[in-house]
Amino acid sequence: MSLSRRRGTLAAAAAGALVTSALVAAPSGAAPSKNGCDNRSNNTYAKLLECVRVDGVMEHLEAFQQIADDNGGNRASLTPGYDASVDYVVEVLESAGWSADVVPFTYDAVDSTLEQLAPQQAEWPHADATGTGEGDVTAEVVPVDINLDPPRANSSGCQAEDFAGFPSGAIALVQRGSCPFADKAVNAEAAGASGVVIFNQGDTDAADRTGVLNPTLGGDGVVDIPVVGTSYAAGESLAQEGSTARIAVDFYDATSYNVIGELAGRTDGNVVMAGAHLDSVPAGPGINDNGSGSAGLLEVAEQMSKSRPHNTVRFAWWGAEELGLLGSRAWVDQRSAAELDEIALYLNFDMIGSPNYYLGVYDATSPASPHRSSSPRARRTSRRPSSRSTRCAVSPTTTPPSAAGATTRRSSTTASPPVGSSPAPRSSRRRSSRRSGAASRASPSTRATTRSATPSTIWTRAPWTSTPTRWPSRSSATPRRPRR
């Protein structure tokens, strides 16, 4: 079977699984033409399966690719590419007669910077450490018992004695090896360091021993000073005599968005729901992961546009999934128990363009379920190091959106008001950011590059609409990763 045939079969299977609970099964004749599908009510299981086609899915995938091409090559959360993806989904839904709500959620986010200032200038790829403190410091870099000669065995920073004579206020440069990262960071703070750079050991040529280090200090707020990890090459450069550097770690609240579409049914207290994450990873446009799932749902929505289902159908395009399932978790936290009880079924569509797909049932009631984890800040391993490292953790919005930041867009053509749209959040789980009194905050000019201080307006630039759409802008910052 060809890849396109497999994808066509899977698209049909996905649509069939969804509409079994929303529409009434009935026989139908030969498959209609595209125009026939567009002009009839696909109000039965068989009719909808005939009309959900790969060509329709591909049109949306091409649109997502164009969005990425126009916005830095990706559609990652909190980037212009994601904003444009949200606008596109809203436009398609409203054109198909669905309601479309853009629902905000907030989460703890972290920005970090590692910049060498002398004797050479460089912005080094890095990762902020789990358990780091917050601050923005510029100081001389002082190597602490490091070893740059092969095989580079060391116990850098493992004992308090390693910091004998360490100048207070300097940035400690320590090397991976011999003891936990937390020991190195705690000893450095006790010696008066204003920040810590932990670089990879370089004891072999393997990427995990030379590349960017992702240090874990063993918990939240282990130290009050900024701590970052970086590569062996960066450490070798920072170890030069006369080296100075800037380290910045900044905790703040970020906001992203889910898109919730609804097609009202005759039974408004019973909701059939499906979802797909809308964001990509920073490394690319995410056409399979998860443009395919997002596009598949859009195709089904369009083919149901003239239907009046028995049960209300709700589709969700989740934000910040690649950062740790943040959008879907937040949406659940924002719902009341009664609203959640209305959901009879939820189906998730992820990477449905894969030829090696499988259909599965997820047991969310198991004690081992990731959703039941004590912490949503699970460490992600598929991270792209950058000179400005960012990560995040989910927290539902604690107040309804203000007029200045209104995020609801609704079609006037919907048969009846959508069920459970944009209710006020139930409670706050926002964690207080640990802030160091000794470490200075990032300057306003620095922070302005990561989020706007006031609401502004963005205009979508899209080939699929004749007039631009306008709504309160979301941050154009680089993607954040979960605060761990």
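**View 1. H4 and H5 run roughly antiparallel to each other (an angle over 145 degrees).** This is a predicted model, where local features need pLDDT of at least 70, side-chain atom pairs count only at pLDDT 80 or more, and totals for chains, interfaces and linings use all residues. Numbering starts from 1 along each chain as its sequence is written, and side-chain values use heavy atoms, with hydrogens and water left out. The two axes (lines fitted to C-alpha atoms over the stretch in contact, with angles running from 0 to 180 degrees between N-to-C directions) come within 9 Å and cross at roughly 150°. The crossing is right-handed (the near helix is turned clockwise from the far one by less than a right angle). On the H4 side you'll find Glu59, His60, Ala63, Phe64 and Ile67, which meet Gly81, Ala84, Ser85, Tyr88, Val89 and Val92 of H5; contact here means heavy atoms within 4.5 Å.

**View 2. H5 also packs with H9, this time roughly parallel (under 35 degrees).** Their axes come within 9 Å and cross at roughly 20°, and this crossing is left-handed (anticlockwise, again by less than a right angle). From H5, Tyr88, Val89, Val92 and Leu93 meet Leu298, Ala301 and Glu302 in H9.

**View 3. The largest nonpolar core has 37 residues.** Such a core is a set of buried Ala, Val, Leu, Ile, Met, Phe, Trp, Tyr and Cys residues joined through side-chain atoms within 4.5 Å, where buried is under 20% relative accessible area with a 1.4 Å probe, protein chains only. The members touching the most other members are Phe64, Val89, Leu93, Trp98, Phe315 and Trp317. H5 gives the largest share, eight residues. Zoom in on Leu93: leaving aside residues up to four places away in sequence, Leu93 touches Trp98, Ser99, Ala100, Val259, Gly261, Ala301 and Trp317.

**View 4. Helix H6 (residues 181–190) has strands among its cover.** Its buried residues are Phe181, Ala182, Lys184, Ala185, Asn187 and Ala188. Strand S5 (171–175), strand S6 (195–199) and strand S7 (227–230) are among what covers them. After H6 comes Gly192, with a positive phi near 100°.

**View 5. Zooming out, the protein chain holds twelve helices and 15 strands.** Of its 484 residues, 52% are buried.

Key: Helices (H or I, at least four residues) and strands (E, at least two) are DSSP runs, numbered from the N terminus. Buried means under 20% relative accessible area, exposed over 50%, partly exposed in between (1.4 Å probe, protein chains only). Angles under 35 degrees count as roughly parallel, over 145 as roughly antiparallel, 65 to 115 as roughly perpendicular and the rest as oblique.
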